[in-house]
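Let's take a walk through a protein model together. Keep the picture open as you read, and find each residue as it comes up.

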Amino acid sequence: MNNTILSIQGVSKFYTGKTALDKVSLEIPKGCIYGLLGPNGAGKTSLIRIINQITQADEGDVLINGEKLNSSHIKNIGYLPEERGLYKKIKVISQLLYFAELRGLSRRDAMDKANYWLKKMNLYDVRNKKIEELSKGMQQKIQFIVAVIHSPEILILDEPFSGFDPVNAELLTEIILELKAAGATIIFSTHRMESVEKLCDYMAMLNLSQKVLDGKVSEIKKQFATGTFEISTVKPIKLDIEGVECMAETINDEGSNQYTLKINGMGHNTFLMQVMAQTELVSFNPYLPSILDIFIQKANAKN
Amino acid sequence: MHNILLILKHEYLTRVSKKSFIIMTLLGPVLIGLFYGSIAAISYSQLNQSESKRVAIYDPANALKGQITSSEDFEFYFAKENSSALKDVDEGKTDFLIDISESSMDSMTVTAKSSLSLTDKQELREILSNQYFNHELSNRGLSIGMIDSLKHKIVISDQLLNGQNSATEIKSGIGYIGAFIIYLFIFMYGVMIMRGVTEEKNNRIVEIIVSAVKPFQLMMGKILGVALVGLTQFVAWIVLSGLLLTVLGVAFGASAIDQNSIQEAQSQMSKVDTGAMGQIMAQLQSLDFTKLMVGFVLFFFGGFLLYSSLFAAIGSAVDSDTETQQFMFPVSMPLIFGLVIAQIAVIKDPNSSLAVWSSMIPFTSPVVMMVRLPFDVSWTEMLTSAVILYGSFIVVVWFAAKIYRIGILSYGQKASYKQMFKWLMMKD
């Protein structure tokens, strides 16, 4: 693929007596939001640390724009770690300048960028305050600025929404989408599967150090949705129809009877007519499984 | 290199601009002055205020012939009976009882309620020996006046082969002060590095930094930055002390003391102390200041670098300051050992084999070599020791960096020697 910005090829990482990553391969297209999913301990952080050159892979290669990962790539990568940390006793602005310079920005550029982001995040007034004097939400935003201040091509966000209130989470989402529109590739690591559905174009799932699934989010969902529908009706219906398999039935929020069904061996219209003969139809939709459902299905299949 | 400089600058500026640093730098000379002043004051007042002790002497054989001179510290009297004197000691009326009932003066028993202090014991021994000596001489027919005239203090004026004053006192003083400063700064600032590393590890800043720079660069930048902070503080102290002395001098000069009394004092001084002052001046002139300064800076930095890399490795392996104790001990041992050697071996003989060897062994050399430096250590010898010191720094920092680079990213593991050894053996 020509538009692959980050290519991970058979990467393994071993710690004493433990395999953190087992021959994981991923292709991350340029300019997308890529979700890296998996429960805690699946190997997400190990992979992120390897991309960030904090540790090295024991096997396999990581390529950025077709080039083997090296120290010149540091300025192309931005990183928001899951465990947030800043110097508590140092002023916001000095802190931002220091991290920007470490990422290769000149002093002057660092100053311009810092001011730009502080204004954008409504933090310009607190630039001369020490971190410990700021609220938790403000600290989180500063931490985010540290990750993006050098305009990285690849932005790695580890659990970016944890610790944000809904207003700031919304602001963060907007900024992430802006960065994407400006051409940045965003890798989004989380164990909260549902938070990814809205944002991510592509995703990969890790479980027990191995990749269990990857691809375009919409395609993955379609692939797992074949033949499954959701139907809701005013009164309960009898479903002893041949070729129809009921997977779940509940009463939904509106008080309708809701069924999740697999329909094989008959047309949708034929089925619907049989339902309508029994009671009034409220809705009929193809069922899209949540990422969590897919994950559970994949993880179970593996075991 | 660029990254190390960035980190160095950051470490230096943030530490130097801290309130605590500025306060310590300004108050340092005053505090040190107060510290030594109060020690002097306490010992002075103790010397003067201690009440003289009552000492009973039981001397049935009349070995002292009923004669003994009381001193400032001791008031002697002869007891008629042993038992009553013992009772006095028990009741606190008398402090000690000296029993000379053995026929010879070679040995005597001192009884006290609580144990005798070392200085008391020594002083009593001197007084009694003196008394015995005087008696024996007068028994042989010498008068007290003759005996006193025989006691004469001989002045030793020592010189080297080239005729220069050997200046032992001033050399020891300068060497010891230099060594102590090195010792103090290694500890103070080494621990500062250790704390800084643990702090960065704990609040996870380290993860952001090492995604931008190599752990080794972070460690070196930190060590060098803090070393410069130490040097800054040291130079500031010297300059401030100089200023303080000048200001004090001017203040006293401008105060009520009129010109006459100064002249009077000066003429008196010159009468009394020309010898001593002249000697000090001559001693100072005989010192090789270039070598001393070069040596001080070399060993200050070398010692600091060597120990700091170990402190940094410790800081990276632990999760909190309280865990550092077990690792601090073996690291500080050689440094403390160096100071002990400096105090004993070097003062006794700066060229003894223990002193020479420990001024070559890297972990003790910064302190011991500094004490030896004023005593005509050759440039070759000094530079050899410096080369060994910096060479071992390179080896040690290589090991320290291996522990550091894994330690800073290993959270929540109880630090142990076994663990650190494992990290040391790990491949990249």
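Here, two residues are in contact if their C-beta atoms, placed from the backbone, lie within 7 Å. Keep in mind, too, that this is a predicted model.

Now try that out on one residue. Which residues is A:Ile156 in contact with, leaving aside its neighbours within four places in sequence? The list runs A:Ile48, A:Ile51, A:Asn52, A:Ile77, A:Gly78, A:Tyr79, A:Leu80 and A:Ile187.

**The cores**

A:Ile156 also turns up in the largest nonpolar core, which has 139 residues. Together with A:Tyr34 and B:Ala312, A:Ile156 touches the most other members of that core. Where does the largest share of this core come from? Look at helix 10 of chain B (residues 289–317), which supplies 15 residues. Apart from this core lies another one, of 12 residues, and B:Ala56, B:Ile57, B:Phe76 and B:Val89 are among them.

**Where the chains touch**

Next, look at the place where chain A and chain B come together. On the chain A side, 20 residues are in contact with 17 residues of chain B. Helix 2 of chain A (residues 92–102) gives the largest share of the chain A side, namely four residues. Sorted by class, that side has 11 nonpolar, five polar and four charged residues.

**Two helix pairs**

Two packed helices are described by the angle between their axes and the distance between the axes. Here are two pairs to compare by eye:

| Helix pair | Axes come within | Crossing angle |
|---|---|---|
| Helix 2 and helix 3 (residues 107–120) of chain A | 9 Å | roughly 130 degrees |
| Helix 14 (residues 379–407) and helix 15 (residues 417–425) of chain B | 8 Å | roughly 105 degrees |

Now the chain B pair. Helix 14 of chain B and helix 15 of chain B are roughly perpendicular to each other, because angles of 65 to 115 degrees count as such. B:Phe399, B:Lys402, B:Ile403, B:Ile406 and B:Gly407 of helix 14 meet B:Met420, B:Trp423 and B:Leu424 of helix 15. The classes here are six nonpolar, one polar and one charged.

Notes. Residues numbered from 1 in each chain as written. Chains lettered and ligands numbered in written order. Predicted model: local features only at pLDDT ≥ 70, side-chain atom pairs only at ≥ 80, totals over all residues. Core = buried A, V, L, I, M, F, W, Y, C linked by C-beta atoms within 7 Å. Buried ≥ 20, exposed ≤ 12 C-beta atoms within 10 Å, placed from the backbone. Helix = DSSP H or I, 4+ residues; strand = E, 2+ residues; numbered from the N terminus. Nonpolar A, V, L, I, M, F, W, Y, C, P; charged D, E, K, R; others polar. Axes fitted to C-alpha atoms, helices over the stretch in contact; angles between N-to-C directions. Parallel < 35°, antiparallel > 145°, perpendicular 65-115°, else oblique.
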